[in-house]
Amino acid sequence: MSETLTASLARLPVTLRDVEAAASVLAGHVKRTNFERSRTLSDITGANVWLKFENLQFTATFKERGALNRLSALSADERRRGVIAASAGNHAQGVAYHAACLSIPATIFVPLGTPTMKIENTRRHGANVIEGGATLEEAAALAAEHGRKERLTYIHPYDDPLIIAGQGTIALEMLASVPDLDVLIVPIGGGGLISGIAVAAKTLKPGIEIVGVQASLYPSMYNLIKRQQLAMRGDTLAEGIAVKAPGRITSEIVGALVDDIVLVTEQQIEQALSLLITIEKTVTEGAGAAGLAAVLANEARFKGRAVGLVLSGGNIDTRLLAGVLTRQLAREGRLSQLRFDIVDRPGQLATVVAVLSKTGANIVEVSHQRIFTDLPAKAVQLEVVIETRDRSHLASTIAALKAADIAVDIGGE
């Protein structure tokens, strides 16, 4: 271990000893999730990809680890009065579940627009859930004010040494299973997860590379560490890491130990999420797929290296998940919307259907539009959604339609 790294680790507010102590607290109460190599994703990316399935925790999120470690440190009086937290969903569930297990009353503030699944799951664990604030930061301010009035202990989602130490137990498990890992790729929101992992991993294996991932719409830690001023805006699929203000403690640790931070686009996150479902048969939320998105976007950088990815959570709204999967099918040329301007007389639809049938394209949906169109009164707009095997099959289907003198436009092009 270099003197510089040793000095950095010594100055930090969280140590390997803290992480190991957290592991003792969590033993028997938080699942030691599987850490498995993905043969197919390794073939696709050229890296040796290992997946840490934190989406398979009871609450489908790694947040259980930090929450239990922090709650276990409360005094008897603090437990009696109860706790309060603010979260976009996953921290809320971790706090709610383990507070219930410890018979601690819990109140959770969530931002407006938090996925319904996360809110309902939090309530199911027995917490009092209050929706308020347009952002996580606004919800946190409301929670802090409410907590002061009611004398509740505030459980911070990331900027707390006990929370950070709890999250760091993931690194202990990853390196115990696969000591030869070259790099760990970790999603960053407020920074609690990557801070705990970096402290544990860099102490146990100083040469390991730690790479953080943020959604390009919310590059808060990226801006801070790289001294950039990229805008933060919009709705991201990775709402679990859509944090505008990283923590003070986490920023210090990330600045000292994290080797790099990369940004991923919404389309890259969608692709990664879809691959995890279709290949690994595991459901993640957008933030949970961010690590794989980073590998897919930087294949040359990670080629041939043993890469550990943390699938940090699996709480995604089912309607949103359906939309992501359908959009990915469209990108792959497996689902397409075809538009035809045809004469409104018997037999025209049958002609189109006959050609599609002959090519082997599966018709998913058909709609006629006679009223809301600029076409002549004797014409009709026909829209057909078809399923094809791939882009090559789609191209041959379009070619067959044009060979039959049927004019066609592809939706989105």
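Axes are lines fitted to C-alpha atoms, for helices over the stretch in contact, and angles run from 0 to 180 degrees between N-to-C directions. This is a predicted model, where local features need pLDDT of at least 70 and side-chain atom pairs count only at pLDDT 80 or more, while totals for chains, interfaces and linings use all residues. Residues are numbered from 1 along each chain as its sequence is written, and side-chain values use heavy atoms, with hydrogens and water left out.

**Stop one: a helix crossing**

Select residues 266-280 (helix 13) and 318-331 (helix 16): their axes come within 9 Å and cross at roughly 100°. That makes helix 13 roughly perpendicular to helix 16 (the label for 65 to 115 degrees). For the contact (heavy atoms within 4.5 Å), show Gln267, Glu270, Gln271, Leu273, Ser274 and Ile277 on helix 13, then Leu321, Val324, Leu325, Arg327, Gln328 and Arg331 on helix 16.

**Stop two: the cores**

A nonpolar core is a set of buried Ala, Val, Leu, Ile, Met, Phe, Trp, Tyr and Cys residues joined through side-chain atoms within 4.5 Å; buried means under 20% relative accessible area (1.4 Å probe, protein chains only). The largest one has 41 residues, and Leu181, Leu184, Ile197, Ile210, Ile253 and Leu257 touch the most other members. Among the elements giving two or more residues to this core are helix 1 (3-11), strand 7 (183-187) and helix 10 (192-204).

Now pick isoleucine 210. Beyond its neighbours within four places in sequence, its contacts include Leu184, Ile194, Leu257 and Asp260. There's also a second, separate core of 36 residues, with Ala47, Leu276, Ala289 and Ala294 among its members.

**Stop three: asparagine 55**

Go to the loop between strand 2 (48-52) and helix 4 (63-72), where asparagine 55 sits. Is asparagine 55 buried or exposed? Its relative accessibility is 5%, so asparagine 55 counts as buried. Its side chain makes a polar contact with the side chain of threonine 282 at 2.7 Å; such a contact is a pair of N or O atoms within 3.5 Å, and within protein one must be able to donate a hydrogen and the other to accept it, with residues adjacent in sequence counting only if both atoms are side-chain atoms.

**Last stop: threonine 33**

Select threonine 33, in the loop between helix 2 and strand 1 (35-37). Not counting residues up to four places away in sequence, threonine 33 touches Lys52, Phe53, Glu54, Gln57, Arg65 and Glu173.

How values were computed:
Helices (H or I, at least four residues) and strands (E, at least two) are DSSP runs, numbered from the N terminus. Angles under 35 degrees count as roughly parallel, over 145 as roughly antiparallel, 65 to 115 as roughly perpendicular and the rest as oblique. Buried means under 20% relative accessible area, exposed over 50%, partly exposed in between (1.4 Å probe, protein chains only).
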